[in-house]
Amino acid sequence: MKLTIEQTTELKSLIRSVTDKDTLECDGCFDLMSEYAEAMRSGKQLGSAMLAVKAHIEQCRCCRYEYEALLVALEELETNSQ
Amino acid sequence: MLSDSELYEAIRSGSTLRDAAISQLRAMLVRGLSKSLTGRYRQPFNADDIAQEALLKILASIEQFSGKSKFVTWSMTIAIRVGIGDLRRKYHADQSLDSFRTDDHGRMELPTATILSEGNDFTNREFGQLLQKLIDCELTEKQRIVVRSFLSDYSTDGIAHAMGLNRNAIYKLLHDARMKLKIGLESHGYGPDDIASFLASGESIK
Ligand SMILES: [Zn+2]
C-alpha cells in the first residue's frame, strides 16, 4: 500500500508525539475515565492514577475521542440541571 | 429528581423507587448522548437505543461502581463508549479492508516525494529513506498492518474488530511501532533538532 502525503504527515506526527510514559492501556483508561473527567472539570490537582490517564489520553486517539465526547455530555447535563 | 447517591442506591437496592430511578438515569443518558454524539463519524444514531443498551451494561456491572466519581458520570462514561463503538462500527462498515491484506506483508510505501525529491533538502531526503528502511526492517508485519489501517482512518476499535484482537492489543502494537520508528530515527546519529524538523515537515512538494 502506498501512503499518501497526508498519511505520511500523520505518520510523522504519530512518531513525533509518542512517549514511553504511558503505563495504561485502553481498558485501564476506561476504568478511571469518569474519575478523571470530574477531576479535570473541577480543576483538582491530579494524583498519580489520574496522571496516568492523562498520559494515555495524550497517546491514544480513540480514548481521547471518547473522553472529549464525555465532557460534552457532562457539560450538557450540568447546563440542563441548572 | 433523585440526587446522585439516591439514584445509585435506588437502582442497586431494588427499592420502590427503582423504576423511577432507572427512568431518570435513562433520560439523562439520552440527553447527554444526543448532544455529544451528534456529527461524530458522520453517522446517524438513535440516542434512545444507545441509552437502552448502555443501561443494560450499567445494571449488569453496577457492583463495579467504586464511588470515586458520581454515579451519573460513571454511567455516562459507559454510555459514551457504547455509543461511539456503535458509530465506529457503522463508519467502518463502508470502508475498504485493503489495509488489512496480508499478501503484501503489510507493505507501507512512503510517497516518492518523501523518499526522493523532498525539495532540495538533502537531510530530509535521507530521513525519508531511513524512515522507509525502518518501516520495512524494524516493524513486524502485524505492526505495519495496524499502522497503515490506522492511517487509513480506522479506529483502534475498528482494527481490533477486523483483526480479531482486542483494543488493548491494537493500542500496544501501534504504540510499540511508533516507539520503534522514533528510536530508530534517534539511533542514526542525527541531532534532535534535525529529527524534529523532519517529523514536523509538511511535505509541500508533490
Ligand atoms: Zn486508549
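Reader: How much area is buried between chain B and chain A, and what share of it do carbon and sulfur atoms give?

Author: About 5,000 Å² is buried between chain B and chain A, and carbon and sulfur atoms give 63% of that area. Buried area is the accessible area (1.4 Å probe) that two parts lose on being put together, summed over both. Leu151(B), Tyr171(B) and Arg178(B) supply 15% of the area that chain B buries against chain A, more than any other three residues.

Reader: Before we go on, what kind of model is this, and how are its parts numbered?

Author: This is a predicted model, in which local features need pLDDT of at least 70 and side-chain atom pairs count only at pLDDT 80 or more, while totals for chains, interfaces and linings use all residues. Residues are numbered from 1 along each chain as its sequence is written, chains are lettered from A and ligands numbered from 1 in the order in which they are written, and side-chain values use heavy atoms, with hydrogens and water left out.

Reader: How many residues of each chain are in contact?

Author: In chain B, 60 residues are in contact with 45 residues of chain A, where contact means heavy atoms within 4.5 Å.

Reader: How many salt bridges does the rule find across that interface?

Author: The rule finds 5 salt bridges between chain B and chain A. A salt bridge is a side-chain nitrogen of Lys or Arg within 4 Å of a carboxyl oxygen of Asp or Glu. Glu66(A) forms one with Arg167(B), and their closest N and O atoms are 2.8 Å apart.

Reader: And how many residue pairs are in polar contact there?

Author: There are 25 such residue pairs across the interface of chain B and chain A, with both residues at pLDDT 80 or more. A polar contact is a pair of N or O atoms within 3.5 Å; within protein, one must be able to donate a hydrogen and the other to accept it, and residues adjacent in sequence count only if both atoms are side-chain atoms. The side of chain B that touches chain A divides into 26 nonpolar, 15 polar and 19 charged residues. Here Ala, Val, Leu, Ile, Met, Phe, Trp, Tyr, Cys and Pro count as nonpolar, Asp, Glu, Lys and Arg as charged, and the others, Gly among them, as polar.

Reader: Which helices pack at an angle of about 145°?

Author: Helix α1 (residues 5-17) of chain A and α10(B) pack at that angle, with their axes 8 Å apart. Axes are lines fitted to C-alpha atoms, for helices over the stretch in contact, and angles run from 0 to 180 degrees between N-to-C directions. Helices (H or I, at least four residues) are DSSP runs, numbered from the N terminus. Lys12(A), Ile15(A) and Arg16(A) in α1(A) meet Phe198(B), Leu199(B) and Ala200(B) in α10(B).

Reader: Changing topic, what domains does chain B have?

Author: The assignment gives domain 1 (4-91) and domain 2 (97-204) of chain B, with bounds from an automatic or database domain assignment. Their C-alpha centres lie 37 Å apart. The contact takes 5 residues from domain 1 and 4 residues from domain 2.

Reader: How much area do those two domains bury between them?

Author: Domain 1 and domain 2 of chain B bury about 380 Å², 37% of it on carbon and sulfur atoms. In domain 1, Arg81(B), Arg88(B) and Tyr91(B) lose the most area to domain 2, together 83% of what that side buries.

Reader: Which residue forms a salt bridge with Asp157(B)?

Author: Arg88(B) does, the closest N and O atoms being 2.9 Å apart.

Definitions and conventions. Helix = DSSP H or I, 4+ residues; strand = E, 2+ residues; numbered from the N terminus.
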